[in-house]
Amino acid sequence: MWRRFAHLSLSISRTKLQSLVRDPTVLKLINTFSSDAGNDGVASSRKPFITFVLGGPGSGKGTQCEKIASIFGFAHLSAGELLREEMSSPSENGELIRNVIKEGKIVPSAITISLIKRAINSATSDKILIDGFPRSEENRIAFEKIIGVEPDLVIFFECPEEEMVKRILGRNQGRIDDNMETIRKRLKVFEDLNMPVVEHYSSKGKVHKITATGTVDEIFERVRQVFASLRYLKACLSF
Ligand SMILES: Nc1ncnc2c1ncn2[C@@H]1O[C@H](COP(=O)(O)OP(=O)(O)O)[C@@H](O)[C@H]1O
Ligand SMILES: O=c1ccn([C@@H]2O[C@H](COP(=O)(O)OP(=O)(O)O)[C@@H](O)[C@H]2O)c(=O)[nH]1
Ligand SMILES: [Mg+2]
């Protein structure tokens with residue numbers, strides 16, 4: 001491992017480099033880049049760098065994703081938005097999606113994954129944020145099977161329930177699921193079905209847990225550090 005970085009020691013302190021290569025996210029980034037590196041050590045046929053952004057309803061996933069996308073050049077794919085668009089289009093699945101969302105339940109994996117796949121294929125960046133998916137272990141397993149990749153990184157926004165409820169009730173986007181009855185169901189589905197996904201990726205060292213209380217800017221500063229360390233290492237590897 002150290003020989004790969006020997007030439008960098010001129011410009012980066014050994015301590016800084018050691019702390020970077022111990023970080024699980026950075027380790028994965030190194031593996032991603034080294035597995036498809038060409039002769040010049042620079043990635044030749046890059047696979048997309050996929051980040052799952054998870055957190056309870058109202059934890060701030062969408063708000064933070066917009067900032068990550070604009071500052072770090074990621075494509076932002078919101079699974080919920082893709083489903084809402086599909087629901088409002090003359091699609092054969094529209095009615096089913098509407099009923100599931102209204103009940104705070106989870107849309108069948110095949111539908112969501114086909115929308116995500118299409119969005120990945122038309123994304124203009126090879127760095128992708130998938131916001132609000134996978135929602136369950138069944139979603140996760142189906143994604144890994146159908147798309148054939150695991151995420152490189154998982155961001156998990158940890159937020160108290162009362163704060164999430166307050167934010168959703170103030171969201172004012174006219175959503176059919178932003179009412180107290182559906183919110184209660186969504187919170188239960190999040191605990192019962194989505195948290196096991198977070199635990200799965202935690203056990204693989206892929207999760208960066210972000211405390212999602214405070215102002216949008218305070219939270220983004222925590223998020224920014226994760227992506228800034230990735231960008232820094234990527235710049236080093238592209239020397
Ligand atoms: N840190 C924050 N403090 C207060 N309100 C926030 C914060 N982050 C987001 N919001 C607001 O809370 C609501 C839910 O945020 P959103 O990003 O849509 O969350 P999610 O996508 O996780 O449901 C939105 O109205 C948003 O403007
Ligand atoms: O992969 C997904 C993403 C969303 N949803 C449905 O869409 C709703 C809204 O999701 P979104 O991520 O937009 O809500 P948020 O967590 O951002 O409030 C969820 O409650 C689910 O009913 C789903 O079934 N599968
Ligand atoms: Mg959202």
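The following questions and answers examine a predicted model of a protein chain with two ligands.

Q: What makes up the protein chain in terms of helices and strands?
A: The chain has eleven helices and five strands. Of its 239 residues, 47% are buried. Among contacts with a separation of 6 or more, 74% join residues 24 or more positions apart.

Q: How do you know how confident the predictor is in the protein chain?
A: The pLDDT of the chain averages 87, and 79% of the residues score at least 70. For the complex, the predictor gives an ipTM of 0.99 and a pTM of 0.87.

Q: Which residues have a pLDDT under 50, and over which stretch is the pLDDT below 50?
A: Residues 1-10 stay under 50, and the model has 13 contacts for them beyond four places in sequence. Residues 33-45 are also below 50, with 15 contacts beyond near neighbours in sequence. Where pLDDT is low, the predicted coordinates should not be read in detail.

Q: What is asparagine 139 in contact with, leaving aside its neighbours within four places in sequence?
A: Its partners are Ile106, Val107, Ser109, Ile113, Phe133 and Pro134.

Q: What makes the approach of asparagine 139 to arginine 135 a polar contact?
A: The side chain of asparagine 139 reaches the backbone nitrogen of arginine 135 at 2.9 Å. The cut-off for a polar contact is 3.5 Å between N or O atoms, and the value of 2.9 Å falls within it.

Q: Which residues of H8 are buried, and what do they pack against?
A: Asn139, Arg140, Ala142, Phe143 and Glu144 are the buried residues of H8. They pack against strand E1 (49-55), helix H7 (109-121), E3 and H10. Just after H8, glycine 148 takes a positive phi of about 80°.

Q: How do you know whether isoleucine 50 is buried or exposed?
A: Isoleucine 50 has a relative accessible area of 2%. The limit for a buried residue is under 20%, so isoleucine 50 is buried. Isoleucine 50 belongs to strand E1. Beyond four places in sequence, its contacts are Ile120, Ile128, Ile130, Phe143, Val149, Pro151, Asp152 and Leu153. Isoleucine 50 and aspartate 126 are 76 residues apart in sequence, with their C-alpha atoms 8.3 Å apart in space.

Q: What kind of peptide bond joins phenylalanine 133 and proline 134?
A: The bond is cis, with omega at about 0°. Proline 134 is in the loop between strand E3 (127-131) and H8.

Q: Which residues come nearest to ligand 2?
A: There are 19 residues around ligand 2, and Lys61, Lys105, Val107, Arg135 and Arg186 come nearest.

Q: How do you know that ligand 2 has polar contacts with arginine 84, glycine 132 and arginine 186?
A: The limit for a polar contact is 3.5 Å. An oxygen atom of ligand 2 is 2.9 Å from a side-chain N or O atom of arginine 84. For a polar backbone atom of glycine 132 the distance from a ligand oxygen is 3.4 Å. A side-chain N or O atom of arginine 186 is 2.8 Å from an oxygen of ligand 2. The protein covers 96% of the 520 Å² of accessible area that ligand 2 has on its own.

Conventions
Residues numbered from 1 in each chain as written. Chains lettered and ligands numbered in written order. Heavy atoms only, no water. Contact = heavy atoms within 4.5 Å. Polar contact = N/O pair within 3.5 Å; in protein donor to acceptor, adjacent residues only side chain to side chain. Near = heavy atom within 4 Å. Areas by Shrake-Rupley, 256 points an atom, 1.4 Å probe, with all protein chains shown as cover. pLDDT = per-residue confidence, 0-100. Helix = DSSP H or I, 4+ residues; strand = E, 2+ residues; numbered from the N terminus. Buried < 20%, exposed > 50% of the residue type's maximum accessible area, 1.4 Å probe, protein only.
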